[in-house]
Amino acid sequence: MPYCEVGRYADGDKWEGVRLFYRRYGSGATKVLLVIGLAGTHDSWGPQIKGLTGSLEPSDDEALRPDEEAGVGAAEAAPAEADDGIEVCCFDNRGVGRSSVLPNKSYYSTAIMATDALALIDHLGWKKAHVFGHSMGAMIACKLAAMAPHRLCSLALLNVTGGGFQCFPKVDAQMLSLAFRFLRAKTPEERALVDLETHYTKEYLEETVGSCTRRMVLYQEYVKGISSTGMQSNCGFEGQVNACWTHKMTTKELDTIRYDIIAQLCHAKRLAERLLPVARMVVPHGAHLVSHERPDEVNNALMDLIKATKSEIKPEEWSAQPENTSETGALISARPITVMVRTDAGVDATAAVYNLLGKLQLSFLYLIGMILMGFELMRNIVRVMKPVRVAAIES
């Protein structure tokens, strides 16, 4: 299996290597790195791999290539490639799938994981690449763009937030039920049921495919996929959650990025405003895995982005803001040229109210948590201080 060793970590006095599992598809001068999100593995990019390369058959060998065995860089040993082809690489982030699972959440952050992605680009021998990220993978891609902008041809972010409070979901009965079931899921079957409700809209799941619903088809695919790599470990999941929670892009980092972005709608608009003058927004209808629900729309947007970076088209001719931005899925795409995003006057106020409610919501949960912890502490104190009745022993 193809692995890339990207660094080492200390576990007490013992140092262990960090390895990333990756797959390559297609071939060509155009390079695309796909960065998956929280708890996802490389094969979650199936529709995009198929759309960009035309095949789901990996082009890498399970054994090391001859040039790797000889210690020769991939770029030096690789044969000449067709200019019109696309080579795609996707990988498992640290903490999931076949990649290393590190024991402490301090070994997980979007900056560290962006360093992983950059090391993989070096390992592949790519000088530059189009980098597309989904959810947490888009946060990682943002860090990568700020860290090494000269290594990116373009940047695309799908269903992304700014991290921290923006990662916090709306708390309602459905979300609490999903969270409870997710934490209790111990088998691929239990996890697949939760993932389906989290990733797709109800309308999409109830669509008929042949003699059954799409829910049934996807359920079988999810169980098979989760079973092949095993359930994600608790420390891996907690580490990746920590990376999302601690993610933050500074003003200096955002100033460094001048590429297109794919994001969730409310945060996408704010991010686009901060990334002016470079942004183009596309809004397909879908849930968190809009890349699966609307693969043709997403793939077309990504292909437009790749083509735009090679053309001399004027920004005003390429940039476009959708007339209807009320859908759930949001795709903002951009390129390293000047592109203007126009937003309604009420967007800032709406975003400010949303953020305030989000912070109040989180504060409320913290308060409830503290009350419950205090209640449990008092119960323990009472239990300890309560006199113990000892029965007399009859001789």
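Author: The general idea is to compare the directions of two helix axes, where an axis is a line fitted to the C-alpha atoms over the stretch in contact, and the angle between N-to-C directions runs from 0 to 180 degrees. Angles under 35 degrees count as roughly parallel, over 145 as roughly antiparallel, 65 to 115 as roughly perpendicular, and the rest as oblique. In this predicted model, helix H1 (residues 46-53) packs on helix H14 (residues 295-310) at about 50 degrees, and the axes are 10 Å apart. H1 and H14 are therefore oblique to each other. Helices here are DSSP runs of H or I with at least four residues, strands are runs of E with at least two, and both are numbered from the N terminus.

Reader: Which hand does the crossing of H1 and H14 have, and which residues make the contact?

Author: A crossing is left-handed if the near helix is turned anticlockwise from the far one by less than a right angle, and right-handed if clockwise. The crossing of H1 and H14 is right-handed. Contact means heavy atoms within 4.5 Å. On the H1 side the contact is made by Pro47, Gln48, Gly51 and Leu52, and on the H14 side by Pro295, Val298, Asn299, Leu302, Met303 and Ile306.

Reader: What conventions apply to the numbering and to the values?

Author: Residues are numbered from 1 along each chain as its sequence is written, and side-chain values use heavy atoms, with hydrogens and water left out. As this is a predicted model, local features need pLDDT of at least 70 and side-chain atom pairs count only at pLDDT 80 or more, while totals for chains, interfaces and linings use all residues.

Reader: How many helices and strands has the chain, and what share of its residues counts as buried?

Author: The chain has 16 helices and 10 strands. Buried means under 20% relative accessible area, exposed over 50%, and partly exposed in between, with a 1.4 Å probe and protein chains only. By that rule, 43% of the 395 residues are buried. Among contacts with a separation of 6 or more, 75% join residues 24 or more positions apart.

Reader: How should I read a nonpolar core?

Author: In soluble globular proteins, nonpolar side chains tend to be buried together. A nonpolar core is a set of buried Ala, Val, Leu, Ile, Met, Phe, Trp, Tyr and Cys residues joined through side-chain atoms within 4.5 Å. The largest one here has 41 residues, of which Leu33, Phe91, Leu120, Val131, Leu144 and Leu155 touch the most other members. Helix H5 (residues 136-147) gives the most to this core, with 9 residues. Another core, of 18 residues, lies apart from it and includes Trp45, Ile86, Val88 and Val290.

Reader: Which residues does Leu33 contact beyond its neighbours within four places in sequence?

Author: Leu33 is in contact with Cys89, Phe91, Ala117, Leu120, Ile121, Trp126, His130, Val131 and Phe132.

Reader: How many salt bridges does a search of the whole structure find, and are Glu87 and Lys31 buried or exposed?

Author: A salt bridge is a side-chain nitrogen of Lys or Arg within 4 Å of a carboxyl oxygen of Asp or Glu. The search finds 10. In one of these, the side chains of Glu87 and Lys31 meet at 2.6 Å, N to O. Glu87 lies in strand S4 and Lys31 in strand S3 (residues 30-35), so this pair, 56 residues apart, links distant parts of the chain. Glu87 is buried because its relative accessibility is 3%, and Lys31 is buried at 11%. A network of salt bridges links Arg24, Lys31 and Glu87.

Reader: Which side chain does Arg215 meet in a salt bridge?

Author: Arg215 meets Glu206 at 2.8 Å, N to O. Arg215 counts as partly exposed at 27%, as does Glu206 at 39%.

Reader: Where is a positive phi found in a residue other than glycine?

Author: Ala39 has a phi near 65 degrees and is in the loop between S3 and H1. Ala39 is buried, with a relative accessible area of 19%. Ser135 has a positive phi of about 55 degrees and lies in the loop between strand S5 (129-134) and H5. Ser135 counts as buried at 13%.
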